[in-house]
Amino acid sequence: MFAGRARPGEAVIKVVLRVAAAVAMVTTIGIVFALIVPAIGFFREVPIFDFLLGDRWAPRFADASFGVVPLVTATLWTTAIALLVSVPLGLGAALLLSEYATPGLRKTLKPILEILAGVPTVVYGFFALQFVQSTVFREWLRLDTGAFSVLAAGLVMGIMIIPTVASISEDAMSAVPMSLRQGSAALGANRMQTSLRVVFPAALSGIMAAIVLGISRAVGETMIVAIAAGSQARIVGGPLEQGQTMTGFIASAALGDSRVGSLEYNTLYAVGLLLFAITLTVNFISIRLVRRFRQAY
Amino acid sequence: MSSSADAAPMHLRATGQHQVAPEVMRPIMEVENVDVYYGDFRAVSEVNLDFGLNEITALIGPSGCGKSTILRSLNRMNDLIEGARVEGEIRFHGENIYGKDVDPIEVRRRIGMVFQKPNPFPKSIYDNIAYGPRVTGMKVQSMDDLVEDSLTRAALWDEVKDKLKQSALGLSGGQQQRLCIARAISVRPDVILMDEPCASLDPIATMRIEDLMQELREHYTIVIVTHNMQQAARVADRTAFFTAQPSEGNGDRTGLLVEYGTTAQIFEDPQDKRTEDYISGRFG
């Protein structure tokens, strides 16, 4: 009476979906392999502690030195500055869009944010170099800085990341049930209290995901820092100094003519692997934090 | 227009122990000539209704009759809905809550609300109760005492006293709804509005809420919207029957108040044919 009818369409869809999932997984595994194999070649010649703790980065000099700390400091500076810009402004924009904006205002603001996300990073790079660094910092503010600075690169990178942070955290806030806002309002809370004490904690896991994605983009962003942060690998002591980031080094070295399998070639992959490890660590830490603090509804 | 005492079937007879509603009502809220609009659409028209101090008033009627709309107007929750507008006067202790200098946030603190679906915050039980006093800046001697007192009044303390730090979402539906009542009580309102508070609860949880309402009426004035006529008959001192009527011109249906009286009178001696049809199950 309930004999099954063959549903060939279902089977096809299942296969298609599995293939789609497999492509993403295989690619990730492939990338990890492609990073690890040359990196192992690098660490055969350079001890891992010299790499991680050394404070002189001069891979192409006669007395080559492979201390990655200068590159890491530059990356930390640009990333930190970018986050200081993008997290408050991105969350503020999300709060505005999800809690305060009328439908009309939302319809105007969202496309503007999306345009910001659509600007090619090379344009941002030149904007940082020509306008922010050269015009604003040097001509207008007469700051004591050279042709490049991690501050200019970080600021502009922060602006670039705002739409990412804003759009993902806005989705998370909008997903918080209306009934919670009503419950809060019925107790005599104003809109800001409702936003910060009810909506924000309830949307925390999505907001953290937005910030983590922002961090990943800042750590991995290449073009802006390659153009505006500088190209000398020295430990960065302040925001107005220039500095070469990890991605900046990879971009500049990859343009060169290093022979496949050479130490110089393998260096790229060692730095790439470190970059990958940092992003992964940030991801893991944030997942843990979210599990601990989130208020699931 | 029958006014016979047999209008309501036996099970709908008013049975609540408190239905000796005094003939003289001491009104705490007065609704006068109120129309509520959503944009151009008039959802309810010309409602006149008083709510007596320490009484339970039930608003009943078919879907779309505007009873929830009126309820939400009583503490300005309609303000949160785009395009909602209230005309007429709603007075609380004699003051028009739609007056020019009135702060809707203060109105909501004095007139609390419990919703159809339990909506505890995704926080601990303790923080759910402490939320209102914290955001309204209430001067509190001891928050622990206030939390205990609120939960005790909502008949939930004994069940949760050992797990105050646990998430409120771990409670059953009935417990969550009593938590929401405790939360409403925590800011010491005078009036508690309940929008079908038992709609998502099983009969036992419903009975507990109804018992609780009888205890609460000693200290609070309660206005409850319910779809369940037996519930109105059981708990309310007075009952207002609303219905929806096609308005002239377009096909929109506008809610209006048909009849208002003591629960005993509404259920046993309705004056209006529409009331009689509704409570005897011939309509609605």
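Modeller: Start with the annotation. An unreviewed UniProt entry marks "transmembrane region" at residues 15–43, 76–97, 109–127, 147–168, 198–216 and 268–290 of chain A. The model itself is predicted. Two of these spans can be checked against the coordinates.

Take residues 268–290 of chain A. The span is 100% helix and 0% strand. Its end C-alpha atoms are 33 Å apart. Residues 109–127 of chain A are 89% helix, again with 0% strand. Here the end C-alpha atoms lie 22 Å apart.

Next, the helix packing. Helix H12 of chain A runs over residues 263–293. One partner of H12(A) is helix H11 of chain A, residues 246–254. Their axes are 10 Å apart and meet at an angle of about 150 degrees. An angle over 145 degrees counts as roughly antiparallel, so that is how H11(A) lies to H12(A). Their crossing is left-handed.

Helix H1 of chain A, residues 8–45, also packs with H12(A). The angle is about 120 degrees, and the axes are 7 Å apart. H1(A) and H12(A) are therefore oblique to each other. This crossing, too, is left-handed: H1(A) passes H12(A) that way.

Now the whole chain. Chain A has 12 helices and two strands. In sequence order the pattern is α-α-β-β-α-α-α-α-α-α-α-α-α-α. Along the principal axes, the C-alpha atoms of chain A fill a box of roughly 75 × 65 × 35 Å.

Last, the largest pocket. It holds about 560 Å³ of space. The lining has 22 residues, and those closest to the pocket centre are Glu99(A), Met178(A), Arg181(A), Arg191(A) and Leu80(B). Four helices of chain A each give two or more residues to the lining: H3 (69–100), H4 (103–118), H7 (178–186) and H8 (191–202). H3(A) contributes the most, with four residues. By type, the lining divides into nine nonpolar, six polar and seven charged residues.

How values were computed: Residues are numbered from 1 along each chain as its sequence is written. Chains are lettered from A and ligands numbered from 1 in the order in which they are written. This is a predicted model: local features need pLDDT of at least 70, side-chain atom pairs count only at pLDDT 80 or more; totals for chains, interfaces and linings use all residues. Side-chain values use heavy atoms; hydrogens and water are left out. UniProt positions are given in the numbering used here, feature names are shortened, and annotations may be inferred rather than shown by experiment. On a 1 Å grid over the protein atoms alone, a cavity is a set of points where a 1.4 Å probe fits but cannot get out, and a pocket is an open set with protein on both sides within 12 Å along at least five of seven lines; lining residues have an atom within 4 Å of a point. Grid points are joined across faces, edges and corners, and a volume is the space filled by probe spheres set on the points. Ala, Val, Leu, Ile, Met, Phe, Trp, Tyr, Cys and Pro count as nonpolar, Asp, Glu, Lys and Arg as charged, and the others, Gly among them, as polar. Axes are lines fitted to C-alpha atoms, for helices over the stretch in contact, and angles run from 0 to 180 degrees between N-to-C directions. Angles under 35 degrees count as roughly parallel, over 145 as roughly antiparallel, 65 to 115 as roughly perpendicular and the rest as oblique. A crossing is left-handed if the near helix is turned anticlockwise from the far one by less than a right angle, and right-handed if clockwise.
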